[in-house]
Amino acid sequence: MTDPYWPRWREVRATEEGAVVAPDERLPWPQTAAMGVQHVIAMFGATVLAPILMGFDPNIAILMSGVGTLIFFLLTRGRVPSYLGSSFAFIGVVIAATGYAGKGPNANLAVALGGIVACGAVYVLIGLLVQAVGTGWIERFMPPVVTGAVVAVIGLNLASIPVKNMAANNFESWMQALTFLSVGVVAVFSRGMVQRLLILVGLALATVLYAVFTNGLGWGKPVDLSGVATAAWLGWPSFTAPVFTGNAMLLIAPVAVILVAENLGHLKAVTAMTGRNLDPYIGRAFIGDGVATMLSGGVGGTGVTTYAENIGVMAATRIYSTAVFVVAALIALLLGFSPKFGAVIQAIPLPVMGGVSIVVFGLIAVAGAKIWVDNKVDFSQNRNLIVAAITLVLGTGDFTLKFGGFALGGIGTATFGAILLWALLGRGAAAAPHERR
C-alpha cells in the first residue's frame, strides 16, 4: 500500500516531559494551536526585521511567510517540519541594487522584486536538478569551508549600514549601544521563551528606554505613535508588482546559491533531530522554497528561507508535527492583513533598529564560523585557508567587478569567488596527499 500524499496526523498526548511528537503525529488541536503561536513568535523578530532593513512592507513579509510556509508544506507532502520566513541573505544585494538609504519605504522596491523573482526561479531549477540526480553535486561544489565563508560575509558586508547610516548624532549612537546591550542582557540572563526571543524582547526594551529619553526627557527625536492610532485593525497590504532589469536580476539571483546551502543545512539538522530520512524531500524543499520566493517577490515581499529559529523551538520542545506549521502559517496570514501591526513596526526608532542590526549582522557572521566548527574544517590545509581568507575579504571589503554596465558587488564576488576558488585549487589539492579532504 502506497503512502498517502498528506500525512494522517495521528493524535498523541505528550504527557511525559521530553516525549517526542513525530512529523506525522500531532497533539490535540488546542495544544497544536498553542505550539503554532509559539512558532510565529519565534520567527517574528527576524521576519519583521529583514523587510524593514530593506525598506519593504513588514505586513506583506509576514503575510507571504504564511503563504510560503503553506506552499512548502504542499510541495513537501507535509513531511518536512519547517517555517519559511524573510531571508537575510537578500539584504546586501537588495540595498546594492536599489541604493536604499536605510529609512522608510524603498523607492526602488520594484526593481529589487524582479531580482527576487529571478532568484526564486534559479532556486526552483536547482531543486528540479536535485530531485533528478540528488545532492552530491552540491556538496562537492559547496563544502562547509565555502558555505561557512559565504554565510559569514553576508553579515560582515552589511556591518557598515547600521554603524554609518542609522545614527545621525552622538545620542543616537549611544542608543544603538544601549540597544545591543539590551539584547545581550536578554540573551545571557533570561531563560525559556524570553531567551529564545532575545531580538524581539531586546528591541522592545530598547524602544521603551528610547521613549523615556526622548518623549520624556527631550534628548532626541521622540517616538511618533500617531500612525499606530490612525491605522485600521484590518485591511489589505500595499502590494507592489516587480520590474525586471538585467542588473538587478544578475545581482540578486545568485543568492539562490546561499539559500541552497542554508536550506540543506537546516534539513540535515531536522533529519538528525527527528530520525526521519528527509533526503528524498530535499529537492521538493528547494522547489517549495523557490516557488514561495517567486510568489513573494511577485507581490512585494522578501525572499524566504527555512528558519533556524523554528528549528530551535523544535529542538527545545521535541514536537516536530507538521500540523503545527500549518497553524503558524494561518496565524501569519491574519497578521499580514492588519495595518495597525505594520504601523507599530514602522514606529520603531531608527537608532534602535540600528542597534538590533548590529547584533543580527554579527550573528550571521558568527553563524558562518559555526559551520566551520560544526564540520571540523581543517585550516591547516592551505586550500581551506586560502578559500576562506579571500572570500572574507572580498565580501567585507565589498570587492566589486564590472562587466560592461553590470557591477557584481561584494557578496556576489565572495559567493562566486569561493565556489570557483574551491574548484580551481582542487587540482593542487589532488596533487598533494596532505591536502585531500
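How many nonpolar, polar and charged residues are in the lining of the largest cavity? By class, this lining has six nonpolar residues, three polar ones and no charged ones. The model is a predicted one.

**Cavities**

Two cavities of 30 Å³ or more are held in the structure. The space in the largest cavity comes to about 50 Å³, and its lining consists of Thr69, Leu70, Phe72, Phe73, Val80, Ser82, Thr322, Phe325 and Val326. Two or more of these residues come from each of α2 (58-75) and α16 (322-336); α2 has the largest share, four residues.

The second largest cavity has a volume of about 40 Å³. Around this cavity lie Met142, Val146, Thr147, Val150, Val151, Val257, Ile258, Ala261 and Thr415. Both α6 (144-158) and α13 (255-274) supply at least two residues of this lining, and α6 gives the most, with four residues. Seven of the lining residues are nonpolar, two are polar and none is charged.

**Second largest pocket**

The second largest pocket has a volume of about 550 Å³. It is lined by 31 residues, of which Lys103, Gly104, Gln346, Ala347 and Ile348 are the closest to its centre. At least two lining residues come from each of α1 (29-54), α17 (339-346) and α18 (350-374). The largest share, three residues, belongs to α18. By class, the lining of this pocket has 18 nonpolar, eight polar and five charged residues.

| Space | Volume | Element with the largest share of the lining |
|---|---|---|
| Largest cavity | about 50 Å³ | α2, four residues |
| Second largest cavity | about 40 Å³ | α6, four residues |
| Second largest pocket | about 550 Å³ | α18, three residues |

Key. Residues numbered from 1 in each chain as written. Predicted model: local features only at pLDDT ≥ 70, side-chain atom pairs only at ≥ 80, totals over all residues. Heavy atoms only, no water. 1 Å grid on protein atoms, 1.4 Å probe; cavity = no way out; pocket = protein on both sides within 12 Å on 5 of 7 lines; lining within 4 Å. Points joined across faces, edges and corners; volume = space filled by probe spheres on them. Nonpolar A, V, L, I, M, F, W, Y, C, P; charged D, E, K, R; others polar.
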